[in-house]
Structures are given as C-alpha cells and as structure tokens.
Amino acid sequence: RWDGTTFDGLPALVVLQTGKQSLSWSDQKEADVEKALLADLGGFFGPEASRPISVAVRDWGRVPYNGGCPVSNLTSGAMQSFGSLSTMRTPLSRLHFAGTELVTSFPDYTNGAF
C-alpha cells in the first residue's frame, strides 16, 4: 500500500514536507502550518482538497529517538555485527525484535516497522 488509505478503505493523503519550507514551518503554530498546508493542497488539487475531514500534523524533528525524520538510513554493513537478518527476526523466547531495519517490505520507513 503506497498511499495512506485506511484498512477500512477510507482515502487519506500523506504529505512529507522537507527542505527550507519544512524548516520555516517548524517554528510555526500547528494551526498555522495546517492552514498553509491546506492552502497549498487546494492550489495543487482544487478547492475540495483544502477541506479534509481531519488533519494530523507531525513534526518529525520533535519526535524523540527517530533522528528527525520518518526514515532510518543505515550505512552499508551496519547490521553485519548482529548476524543475518533472519537471525534478528527470530524471536528469543518471548522477546521479539521489530523495526524498520528488519522488515521485508518498506525497509527503512516507519510504516515498515508496523
């Protein structure tokens, strides 16, 4: 699934903002970010896109432990000291390891960990 459609089939649009615009929005109030985002979406996709059912704004730079973005990028060979990926995916009694680095689809993205 490459879009934000819910399991109930409700359509959703996921927007990831990066670069200079992202930096300027990080100092703004959430309501102001939402207003600017909806204005942009309305400009891109028409007026209906500026009137969603709901909006959720997440500043990934303020979420602890994620490194400031929704993507984890490991350097080449970073997992070699832990053994093979199949070894890491195998539960150890009741202990299970899960994360973006161990998935078989959407590697390195947070949705791959869910």
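A residue counts as exposed when its relative accessible area is over 50%. Keep that cut-off in mind, because alanine 39 has 52% relative accessibility and so counts as exposed. I will come back to alanine 39 in a moment.

What you see above is a predicted model. The protein has three helices and zero strands. Read from the N terminus, the order of elements is α-α-α. Of the 114 residues in the protein, 15% are buried. The exposed surface comes to about 9,400 Å², and carbon and sulfur atoms supply 57% of that. Now the contacts. Take those in the protein with a separation of 6 or more: 32% of them are between residues 24 or more positions apart.

Helix α2 covers residues 30-45, which is 16 residues. How far apart are its end C-alpha atoms? They are 22 Å apart. At 1.5 Å a residue the helix should span 22 Å, so the two agree.

Next, which residues of α2 are buried? They are Val33, Leu37, Leu38, Leu41 and Gly42. These cover an arc of only 165 degrees around the axis, which means they sit on the same side of α2. The background is simple: an α-helix has 3.6 residues a turn, so residues three or four places apart point the same way. On the other side of α2 we find Lys35, Ala39 and Gly43, and these are exposed. There is alanine 39 again, in helix α2. Its C-alpha atom is 9.5 Å from that of arginine 51, which is 12 residues away along the chain.

What do the buried residues of α2 pack against? They pack against α1, residues 19-25. In soluble globular proteins, nonpolar side chains tend to be buried together. Here, the largest nonpolar core has five residues: Trp25, Val33, Leu37, Leu38 and Leu41. Four of these come from α2, the largest share. Look at tryptophan 25 in the structure. Leaving aside neighbours within four places in sequence, tryptophan 25 is in contact with Gln17, Val33, Ala36, Leu37 and Asp40. Val33 and Leu37 in that list are also members of the core.

Now to the end of α2. The structure holds one aromatic pair. The partners are phenylalanine 44 and phenylalanine 45, and their arrangement is edge-to-face, with 6.4 Å from centre to centre and 75 degrees between the planes. Are these two buried or exposed? Phenylalanine 44 and phenylalanine 45 are both exposed. Just after α2 comes glycine 46, with a positive phi of about 105 degrees.

One more residue and I am done. Serine 93 lies in the segment after α3, the helix at residues 85-89. Its phi is near 60 degrees, a positive value in a residue other than glycine. Serine 93 counts as exposed because its relative accessibility is 70%.

To sum up α2: one side holds the buried residues, those residues pack against α1, and Lys35, Ala39 and Gly43 are exposed on the other side.

How values were computed. Residues numbered from 1 in each chain as written. Predicted model: local features only at pLDDT ≥ 70, side-chain atom pairs only at ≥ 80, totals over all residues. Heavy atoms only, no water. Helix = DSSP H or I, 4+ residues; strand = E, 2+ residues; numbered from the N terminus. Expected span 1.5 Å × (residues − 1). Buried < 20%, exposed > 50% of the residue type's maximum accessible area, 1.4 Å probe, protein only. Arc of directions from axis to C-beta. Contact = heavy atoms within 4.5 Å. Areas by Shrake-Rupley, 256 points an atom, 1.4 Å probe, with all protein chains shown as cover. Phe/Tyr/Trp six-rings, centres within 6.5 Å; stacked < 30°, edge-to-face > 60°. Core = buried A, V, L, I, M, F, W, Y, C linked by side-chain atoms within 4.5 Å.
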